[in-house]
Amino acid sequence: QVQLVESGGGLVQAGGSLRLSCATSGRTYDMYTMGWFRQEPGKEREFVGGINWRRDITDYADSVKGRFTISRDNAKNSMYLQMNSLKPEDTAIYYCGADSTKIWTVQREPTLYDYWGQGTQVTVSL
């Protein structure tokens, strides 16, 4: 199995930027599709963005398209989320997930991901 650890969250004013990292560890990183998700209290976990192993397919939720950029460094077994022009509605716990099915694309449904990090809090103030 693989372990995932998020970092980079914090408190930022609206319009600011944060860069989240997801570091993986364990025996294998393999060729998993990776995704970023977020969850607010009392709400379902929702898809933010994802990227496949080859880095030729990315997908973003409409709410973050044009503001967030996902990337990965396979040599470092890490994934990143650059968040610009942050809004108060971006406030949530952000999770990274891994899809081990090797489907070569990005899926938006969180239940299809089988490895998760513990999350990092992002708070955007007005």
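1. Let's start with the disulfide: cysteine 22 and cysteine 96 are joined, with 2.2 Å from S to S (a disulfide here is a pair of cysteine sulfur atoms within 2.5 Å). The link is right-handed, with 65 degrees about the S-S bond. Cysteine 22 sits in strand E3 (residues 18-26) and cysteine 96 in strand E9, so to speak two distant parts of the chain, 74 residues apart, linked by the pair. Both cysteines are buried, meaning under 20% relative accessible area, while exposed is over 50% and partly exposed lies in between (1.4 Å probe, protein chains only). A search of the whole structure turns up one disulfide.

2. A word on what you are looking at. This is a predicted model, where local features need pLDDT of at least 70 and side-chain atom pairs count only at pLDDT 80 or more, while totals for chains, interfaces and linings use all residues. Residues are numbered from 1 along each chain as its sequence is written, and side-chain values use heavy atoms, with hydrogens and water left out.

3. Now the overall build. The C-alpha trace spans about 40 × 30 × 25 Å along its principal axes.

4. How much of the chain is buried? Of the 126 residues, 44% count as buried. Among contacts (heavy atoms within 4.5 Å) between residues at least 6 apart in sequence, 58% join residues at least 24 apart.

5. On to charges: the whole structure has seven salt bridges, each a side-chain nitrogen of Lys or Arg within 4 Å of a carboxyl oxygen of Asp or Glu. One of them pairs aspartate 90 with arginine 38 at 2.9 Å, N to O. Aspartate 90 lies in the loop between strand E8 (78-83) and strand E9 (92-99), and arginine 38 in strand E4 (residues 33-39), so the pair ties together parts that are 52 residues apart in sequence. Both residues are buried. Arg38 and Asp90 also belong to a network of salt bridges with Glu46 and Arg67.

6. Two other salt bridges are worth a look. In one, the closest N and O atoms of arginine 108 and aspartate 59 are 2.6 Å apart. Arginine 108 is in the loop between E9 and strand E10 (115-116), and aspartate 59 is in strand E6 (residues 58-60), 49 residues apart. Arginine 108 is partly exposed, at 41% relative accessibility. In the other, aspartate 56 meets arginine 54 at 3.3 Å; aspartate 56 is partly exposed at 44%, whereas arginine 54 is exposed at 59%.

7. Finally, threonine 120, in strand E11 (residues 120-125). At 11% relative accessibility, threonine 120 counts as buried. A polar atom of its side chain lies 3.2 Å from the backbone nitrogen of glycine 9. Leaving aside neighbours within four places in sequence, threonine 120 is in contact with several residues, including Glu6, Leu20 and Tyr94.

Notes. Helices (H or I, at least four residues) and strands (E, at least two) are DSSP runs, numbered from the N terminus. A polar contact is a pair of N or O atoms within 3.5 Å; within protein, one must be able to donate a hydrogen and the other to accept it, and residues adjacent in sequence count only if both atoms are side-chain atoms.
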